[in-house]
Amino acid sequence: MPINIPDNLPAASTLESENVFIMTEKRAVTQDIRPLDILIMNLMPTKVETETQILRLLSNSPLQVNIFLLRAATHESKNTPKEYLDRFYIDFDDVRHRNFDGMIITGAPVENIPFEEVDYWDELKEIMDWSVDNVVSTLFICWGAQAGLYHLYDIPKYPLEKKLTGIFPVKVLPYNDQLFSGFDDEYLMPHSRWTEVRAEDIVKNPHLHIMAHAPESGVSVVVSESNQVFVTGHMEYDRKTLAYEYERDMEKGMNPEIPQNYFPDNDPRNDPIMRWRGHATLFMTNWLNYYVYQVTPYDITQIGSMKK
């Protein structure tokens with residue numbers, strides 16, 4: 001089934017070229033079904049690229065999905081024109097009065113800044129608090145996962161000695177959770193971060209459960225009893241996203257390390273091999289199905305009462 005996106009969203013042409021089934025707003029209104037409403041808070045500076053990556057993964061479910069793009073109104077974007085944001089994005093004030101089946105909060109390049117010093121932190125806290133009662137399931141990605149664990153569960157983040165960047169094997173822990181239905185015992189996940197959360201802090205909280213862990217990259221997936229999912233890596237990344245970040249940092253004179261397990265022969269001149277998209281797609285499909293669709297009420301206005 002298709003994902004429903006705003007008319008003329010730039011991601012549409014890329015997805016259509018990949019034979020991804022999308023549906024614009026005009027066609028969607030003719031469908032006599034109850035689609036899932038998914039709110040995406042895109043905090044990444046590369047807005048179009050991140051939209052495309054996430055929409056690609058959402059598109060492979062048999063469920064029809066309405067997409068709403070949310071921005072941080074208290075943050076002035078330096079990388080995305082205001083005209084683009086005004087056209088395709090909404091503010092929290094536009095949706096605070098309603099409910100959503102699912103929500104995704106992306107990563108953001110602010111890991112080395114204390115949470116309280118991020119310029120939109122107060123707004124993000126309000127949105128995360130609101131999501132507890134107004135969203136069936138929220139998926140937090142990378143810095144978004146660290147922010148959610150910190151604000152909602154008092155889990156701190158810790159600086160790493162060097163940036164964790166590359167493709168790392170992750171082991172699924174034997175909880176038999178449907179989030180990993182169809183998974184192999186081990187799968188690959190891209191990481192690109194300067195900070196981490198630690199298992200010893202998470203296991204002390206009875207409301208949190210570590211579902212996947214990696215020897216090199218640490219805690220990978222955490223779920224809460226409130227139906228929240230925290231992913232510390234970037235399963236949505238494209239083939240060349242880490243290469244772009246590496247080249248960007250080289251141009252800035254940062255002397256970055258080559259992403260691990262990424263370039264063939266560890267040579268940045270070689271094109272990376274895509275080895276994680278299958279599990280990334282399955283993960284997103286499982287989240288949509290088991291954490292959202294199977295538990296959300298048909299009447300979306302009942303989500304608030306269901307949560308209480």
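Buried here means under 20% relative accessible area, exposed over 50% and partly exposed in between, with a 1.4 Å probe and protein chains only. This is a predicted model, in which local features need pLDDT of at least 70 and side-chain atom pairs count only at pLDDT 80 or more, while totals for chains, interfaces and linings use all residues. Residues are numbered from 1 along each chain as its sequence is written, and side-chain values use heavy atoms, with hydrogens and water left out.

Let's start with T50, which counts as buried because its relative accessibility is 3%. T50 sits in helix α3, residues 47-58 (helices are DSSP runs of H or I, at least four residues; strands are runs of E, at least two; numbering is from the N terminus). Beyond its neighbours within four places in sequence, T50 is in contact (heavy atoms within 4.5 Å) with N42, M44 and T106. A polar atom of the T50 side chain lies 3.0 Å from the backbone oxygen of T46.

Helix α3 also turns up beside α8: the buried residues of α8 pack against α3, β8 and β9. Those buried residues are T241, L242, A243, E245, Y246 and D249. After α8 comes G253, with a positive phi near 75 degrees.

| Element | Residues |
|---|---|
| α3 | residues 47-58 |
| β8 | residues 158-172 |
| β9 | residues 186-196 |
| α8 | residues 241-251 |

Conventions: A polar contact is a pair of N or O atoms within 3.5 Å; within protein, one must be able to donate a hydrogen and the other to accept it, and residues adjacent in sequence count only if both atoms are side-chain atoms.
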